[in-house]
Amino acid sequence: MHMSDALLSPKIGILFYVISAIMLAWSARKISAERKPEKVPLMGVMGAFVFAAQMINFSIPGTGSSGHIGGGMLLAVILGAPPAFLIMASVLTVQCLLFADGGLLALGANIFNLAFWPCFVGLPLFRLFSGGHRSGDRFMAALIAAVVVSLELGALSVVGETVSSGITELPFSKFAAIMLGIHLPIALVEGALTCAFVAALARARPDLIFRQKTEIFPSSVLYSNRKVLAVLFSLVILTGGVVAWFASTHPDGLEWSIQRITGKEELTEEQQTIKGRLQAIQSKTAFLPDYDFKSGEAIAAEPEPTAETENRWPAVSGGTSLAGIVGAGITAACVCVMALLLFLARGRRVETGVNNYD
Amino acid sequence: MNSAIARQLDQHAYSDTSAHRLDARAKALAALFFCGTVISFPKYTLASLIPFAIFPVALAIIGGVPLRPLAAAIIRTAPFAVAVGIFNPFFDRAPHLVLFGVTISGGWISFFSIIARFILTVAAVLILVATTPFPKLGIGLARLGLPRIFVDQLLVLYRYLFLLMEEGQTMARAAALRLNSRRMPNFRVAVEMMAMLFLRSWNRAERIYHCMEVRGFNGPLIKTVPDRFSLTDGVFLATTIIFCLVLRFYPPHEIIGEIWLRMIQ
């Protein structure tokens, strides 16, 4: 899921732009230092390949729905982290600009959510757990686990960014439960796809995959297959368990949460609800001590002014709010008139262009 | 959003209007500043967002951007923002506004605010792209500070984007015509198709590199004479920034509303 500008605040947008820019500069420097100009067309075409591969939808048995590949982990395994990061970043840039998939100010956040996690967290995890194996059960399990971790962390990042922006009302725990839950089967399918894809490639061109020589963790670190599989298994259980825990506390997810809120509404006085619900949100987010939700504190600090404006509103409803509406209507009318005038002034039809750059 | 709409908007970028002649850097910075201002409003802003429509509308009209693909693109990319925003009315029911006897909750105001932000920001980006050829945009971004190697491969990506997408679509269509009633390949077939596509792309990349090498490529991709940042571009950028700042801090609907109130009294 690509983050949209509409759900983001400028602070969060800029913060993730800075993070992504740093990672981008670092990756670019690493690649430039290799002095291999053949990487430029290769990375470009691989980026176009990602788009093309996403055109190939396949049916998922048992669900009646279709799916297609994401691509981050796949590129990371085959090409290494810095090129894969650049490629995914450019794919996301093109998606943002040409396909309006993800906001312009959310681009930094999208690069972090969808390119950073697979390349710089998923890939090291995969290398650690596969221990240099290039086929077999351990390889497959490591790849699937890495994909699941990357996608779930990406989904969690989306939740974190949205909640700390403060534009939406979804509380962290419910939003996280929904996002992590939805992305788990998606991640498993993506993991299976990546495995099968790398295996198919290995049959056709074994020289292409695993070209990079540097191993972040040497394979001698983990000896026993059993130990590794145990760690992998627990990792998957941990990720799945977190989701299951969210899901079990809210069995019907959405309907439950809506009913809870609806029930609450009937009992408490309407004037109290902002403060009460904000406190409820804050108490729910408080049990995750890692997260310092400034938005939670900021929202809790807000009640004083909002409570006063709430008391003011009924008294104001007569004159000023109507004036505001009329003002808005007149402004909208002005925009339409200006557009019409511009359109008439433009005159001749604009011809469609020809690409002179190729 | 499907590739046909993207291609239409991209095709339009090669037209020639006053909007197209503006420097890519000015347009990119203007779009960024515009989006930043729009999303900087507090949660319950709705009427203040309306006058911001002038920027994308004016640029679209001057640039002759075709409306149908633009509208189609906005509608097709709306689902995520709408799906998240629609929860606002459920979670935030405190009354915020009383209009002709109807109490409107804050949740609905913030939901429509999200919709308005979405439309404004997406329109700004699409119009930026429809009035700027992508290669020029890429070079402009490189001159603004993006790493050169990133921009180079971004431009190669763009060059082969529609080509490879069409290849992917052709493969998918060929499979659909030959396969089961679902008209979609199963998992195994899809993987083989993707692997084939990958190897073809890889070979293509190698051929492309050899062609580039033979023509003297040894590093930076495009060595054209850079566009100059003219007075028009400066005026455009400054006007946009001032326009955004003024509207951000002096919402016209309040001022007009005050005047209207005084006039009727």
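**Reading the calls in this two-chain model**

Mentor: Asp23(B) counts as buried, and Arg25(B) does too. Bear in mind that the model is a predicted one.

Trainee: What links the side chains of Asp23(B) and Arg25(B)?

Mentor: They meet in a salt bridge, with N and O 3.2 Å apart. The cut-off is 4 Å between such atoms, and 3.2 Å falls within it.

Trainee: How do you know whether Arg21(B) is buried or exposed?

Mentor: Its relative accessible area is 53%. Exposed means over 50%, so Arg21(B) is exposed. Its salt-bridge partner is Asp16(B), at 2.9 Å from N to O. Asp16(B) has 47% relative accessibility, which lies between the 20% and 50% limits, so it is called partly exposed.

Trainee: What makes the pair Arg203(A) and Glu192(B) a salt bridge?

Mentor: The closest N and O atoms of the two residues are 2.9 Å apart, and the limit is 4 Å, so the pair qualifies. Across the interface of chain B and chain A, the rule finds 1 salt bridge and 4 residue pairs in polar contact, both residues at pLDDT 80 or more. On the side of chain B that touches chain A, there are 75 nonpolar, 25 polar and 12 charged residues.

Trainee: How much area do chain B and chain A bury between them?

Mentor: About 10000 Å², with 80% of it on carbon and sulfur atoms. In chain B, Phe80(B), Phe91(B) and Trp202(B) lose the most area to chain A, together 9% of what that side buries. By contact, 112 residues of chain B meet 118 residues of chain A.

Trainee: Which figures describe chain A as a whole?

Mentor: Chain A has 13 helices and 2 strands. Of its 358 residues, 49% count as buried. Among its contacts with a separation of 6 or more, 75% are between residues 24 or more positions apart.

Trainee: Where does Thr132(B) lie, and how do you know whether it is buried or exposed?

Mentor: Thr132(B) sits in the loop between helix H8 (106–130) and helix H9 (134–144) of chain B. Its relative accessible area is 3%, under the 20% limit, so it counts as buried.

Trainee: What does Thr132(B) touch, leaving aside its neighbours within four places in sequence?

Mentor: Thr132(B) is in contact with Ala13(B), His20(B), Ala24(B), Lys27(B) and Leu137(B). Its side chain also reaches the backbone oxygen of Leu128(B), at 2.7 Å. A polar contact needs N or O atoms within 3.5 Å, and 2.7 Å is inside that limit.

Note on methods. Residues are numbered from 1 along each chain as its sequence is written. Chains are lettered from A and ligands numbered from 1 in the order in which they are written. This is a predicted model: local features need pLDDT of at least 70, side-chain atom pairs count only at pLDDT 80 or more; totals for chains, interfaces and linings use all residues. Side-chain values use heavy atoms; hydrogens and water are left out. Contact means heavy atoms within 4.5 Å. Buried area is the accessible area (1.4 Å probe) that two parts lose on being put together, summed over both. A polar contact is a pair of N or O atoms within 3.5 Å; within protein, one must be able to donate a hydrogen and the other to accept it, and residues adjacent in sequence count only if both atoms are side-chain atoms. Ala, Val, Leu, Ile, Met, Phe, Trp, Tyr, Cys and Pro count as nonpolar, Asp, Glu, Lys and Arg as charged, and the others, Gly among them, as polar. Buried means under 20% relative accessible area, exposed over 50%, partly exposed in between (1.4 Å probe, protein chains only). Helices (H or I, at least four residues) and strands (E, at least two) are DSSP runs, numbered from the N terminus.
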